[in-house]
Amino acid sequence: MRLKQCIIGLILCMISGTLFSQTLIAVALPVVTLMDVEPAGTLTLNFTAPTEAGQALTAPAVNTTKWINYTSAIASGGLTRRITASINQVIPGVNIGIQAATASGAGGGTLGTSSGLVTLSTTAATIITGIGGAYTGNGANNGHRLTISLTVNTYANLSARANTPVVITYTITE
């Protein structure tokens, strides 16, 4: 009887050894931090002079043609990312505002949250927070639509100028 149990056990071990096999694979996922603004190119925002004495300048229409796209893979236990914006120079008497909309388009993951309307200065200000492992999709109509606006903040500080280039710098960071 004992011999019969050993033979049956041996047969079961042989059968179970041939029913499956294992392979060890190594998986690597790099930390990724990519961001750009689409479409490329400059935009022009010009105030319009009044046609009647005593009237105020007319602010240009807001611009909504730019989109922020990003891809983010954070380290295990790492911090979420944020996007900041700043300008290279302030124009006296004028506020340059920016607002990122809620992410839309072809992306997925833990997409960021808009900080609302931010007045830009030479100091970086956060415009999107809470970016985790995510991608927005590429190009216009993917990611966060940007609304860029100009308003007069102090008439006493205004002075005429033509084609003054202001550079907005966007940075993605932890």
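Contact means heavy atoms within 4.5 Å. The model shown here is predicted: local features need pLDDT of at least 70, side-chain atom pairs count only at pLDDT 80 or more, and totals for chains, interfaces and linings use all residues. Residues are numbered from 1 along each chain as its sequence is written, and side-chain values use heavy atoms, with hydrogens and water left out.

View 1. Helices (H or I, at least four residues) and strands (E, at least two) are DSSP runs, numbered from the N terminus. From that end, the order is α-β-β-β-β-β-β-β-β-β-β-β. Take the contacts in the chain with a separation of 6 or more: residues 24 or more positions apart account for 79% of them. The chain has 174 residues, and 27% are buried. Buried means under 20% relative accessible area, exposed over 50%, and partly exposed in between (1.4 Å probe, protein chains only).

**View 2. The largest nonpolar core has 23 residues.** Such a core is a set of buried Ala, Val, Leu, Ile, Met, Phe, Trp, Tyr and Cys residues joined through side-chain atoms within 4.5 Å. Ile68, Ile83, Ile98, Ile127 and Tyr170 have the most contacts inside this core. Strands S2 (67–73), S3 (81–87), S4, S8 (125–131), S10 and S11 each give two or more residues to this core. Now look at tyrosine 170. Beyond its neighbours within four places in sequence, tyrosine 170 touches residues including Met35, Val37, Ile68, Ile98 and Ile127.

**View 3. The largest pocket holds about 930 Å³ of space.** Lining it are 29 residues, and Leu43, Leu45, Leu150, Thr164 and Val166 are the closest to its centre. Strands S4 (94–100), S10 (144–152) and S11 (168–173) give two or more residues each to the lining. On a 1 Å grid over the protein atoms alone, a pocket is an open set of points where a 1.4 Å probe fits, with protein on both sides within 12 Å along at least five of seven lines; lining residues have an atom within 4 Å of a point. Grid points are joined across faces, edges and corners, and a volume is the space filled by probe spheres set on the points. By class, 20 lining residues are nonpolar, seven polar and two charged.

**View 4. Glycine 130 lies in strand S8.** It counts as partly exposed because its relative accessibility is 28%. Leucine 111 is 19 residues away in sequence, yet 7.1 Å away in space, C-alpha to C-alpha. Apart from neighbours within four places, glycine 130 contacts Thr80, Arg81, Thr110, Leu111 and Gly112.

**View 5. Threonine 119 lies in strand S7 (residues 118–119).** Its relative accessible area is 47%, so threonine 119 is partly exposed. Apart from neighbours within four places, threonine 119 contacts Asn95, Ile96 and Gly97. Threonine 119 and isoleucine 96 are 5.7 Å apart, C-alpha to C-alpha.

**View 6. A cis peptide bond joins glutamate 38 and proline 39.** Omega is about -15 degrees. Proline 39 sits in the loop between strands S1 (32–38) and S2.

**View 7. Asparagine 163 has a positive phi of about 45 degrees, although it is not a glycine.** Asparagine 163 is in the loop between S10 and S11. With a relative accessible area of 71%, asparagine 163 is exposed.

Notes
Nonpolar A, V, L, I, M, F, W, Y, C, P; charged D, E, K, R; others polar.
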